[in-house]
Amino acid sequence: MKKLIFILSIASSSLAYGQQQHARTFLFVPGAWDGGWDYAKVDSILTANGDRVYRPTLTGLGERVHLSRPGINLTTYINDILNLIRFENLHNVILVGHSYGGMVISGVAEQAPDRIRQLVYLDAMVPNNGESAKDICGDLWGPMIKDSVFVYPFGFTKAVPPSDVPQPLDTFTEPIQIGNPLVKKIPAVFILMTKEGKSSPEHDKMGLLRAKARNWKIFTFEGGHYSMREQPENLVKKLKEVTQP
C-alpha cells in the first residue's frame, strides 16, 4: 500500500511538473476606455488551465480612474506595461493588445523585445512609426472629444462600475516611435473579428491591412469587437489556436 501511494505521489508530481513546464504567461493590454476588469473571466479560465495571467489597467482607466488627468499619454501607457514586465520579472510573455491596445504593445515590444514570446493583435490598431491613434482612425470619433478626454463613443456606459470611462486625449494624439529591428523577430499574429464572415472596412484600415503588409498570420474570429466581454470562453479557445507552442 505504501509503495502504491509513493508511485501515485511521483506520478502526480510529474504531472504537475509537466503542466508547469507548458504553462504560458499572458499579459493582456485592454483597449481604449477599458480596463483589466474586462478580462476577469478570461483570467479565471486560463489560470485554471495552469497559465499565468496579468491583466493590468492603464493609468486613469478602470479602477485607476481617480488618477485620470491631462498629460497622461501613450508613453504613460507603454511605461505602465514595461514596468509591470520589469518588476514582475516576466519573460516569454504572450502580449495581447486589444483595439487601441495595439498601440501600447507596439511600444512595449520596441523597448523590451527580449521579454516577449509572441505579439497578439486582437482586432487591434497596427501603427507605423510616427503615427498616433488619431492618425490611424482619423476624425471618426471627433464629436466625442470633450475638454481633455475622449468620451466612450459606442453608446451609453453603465452608471456603476465596472464600466468604460473617458480616456485622456493625449493618449490618442501622441505619435509612437518604433523601428527596433529586433521586433521583427517576434512572432506576431492578427485576430480579425467578423460578423457573418465579414469584417468592418474601417477596422480593416486600422489593423488588418497593415498586418497583411507585414506578412503576419491572420486568424478570423466570429463575433463582436469586445470578445473578452461577450464570449470569453471562445476567446480562450482562439488564443490556444493562435499562440506558439
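**Salt bridges, strands and a buried helix face**

The side chains of Arg 64 and Asp 80 meet in a salt bridge, 3.9 Å from N to O. Arg 64 sits in the loop between strand 2 (52–54) and helix 3 (74–87), and Asp 80 sits in helix 3, so the pair ties together parts 16 residues apart in sequence. A salt bridge here is a side-chain nitrogen of Lys or Arg within 4 Å of a carboxyl oxygen of Asp or Glu. Side chains of opposite charge can pair when their charged atoms come close. Helices (H or I, at least four residues) and strands (E, at least two) are DSSP runs, numbered from the N terminus.

A word on the model. It is predicted: local features need pLDDT of at least 70, side-chain atom pairs count only at pLDDT 80 or more, and totals for chains, interfaces and linings use all residues. Residues are numbered from 1 along each chain as its sequence is written, and side-chain values use heavy atoms, with hydrogens and water left out.

How many salt bridges does the whole structure hold? A search finds eight. One of them joins Arg 229 to Asp 38, with the closest N and O atoms 2.7 Å apart. This pair links distant parts of the chain. Arg 229 is in helix 8, while Asp 38 is in the loop between strand 1 (25–29) and helix 2 (40–48), 191 residues apart. Are the two partners buried or exposed? Buried means under 20% relative accessible area, exposed means over 50%, and partly exposed lies in between (1.4 Å probe, protein chains only). Arg 229 has 33% relative accessibility, so it counts as partly exposed. Asp 38 has a relative accessible area of 7%, so it is buried. Both belong to a network of salt bridges that links Asp 34, Asp 38, Asp 164 and Arg 229.

Now move along to Gln 231. It lies in the loop between helix 8 (227–230) and helix 9 (232–242). Gln 231 counts as buried because its relative accessibility is 14%. Its side chain makes a polar contact with the side chain of Asn 234, at 2.9 Å. A polar contact is a pair of N or O atoms within 3.5 Å; within protein, one must be able to donate a hydrogen and the other to accept it, and residues adjacent in sequence count only if both atoms are side-chain atoms. A polar atom of the Gln 231 side chain also lies 2.9 Å from the backbone oxygen of Glu 222.

Next comes helix 9. Its buried residues are Pro 232, Leu 235, Val 236, Lys 238, Leu 239 and Val 242. They cover an arc of only 160° around the axis, so they lie on the same side of helix 9. The arc is that of the directions from the helix axis to the C-beta atoms. The face turned away from the buried side carries the exposed residues Lys 237 and Lys 240. Lys 238 forms a salt bridge with Glu 241, 3.0 Å from N to O. The two are three residues apart in helix 9, about one turn of the helix.

Finally, look at the strands. Strand 3 (residues 93–98) is mostly covered, with six of its six residues buried. Strand 1 and strand 3 run parallel, joined by five bridges. Two strands pair if DSSP finds at least two bridges between them. Val 29 has Gly 97 of strand 3 as its bridge partner. Strand 3 also pairs with strand 4 (residues 116–122), in the parallel sense, over six bridges. There, the bridge partner of Gly 97 is Tyr 121.
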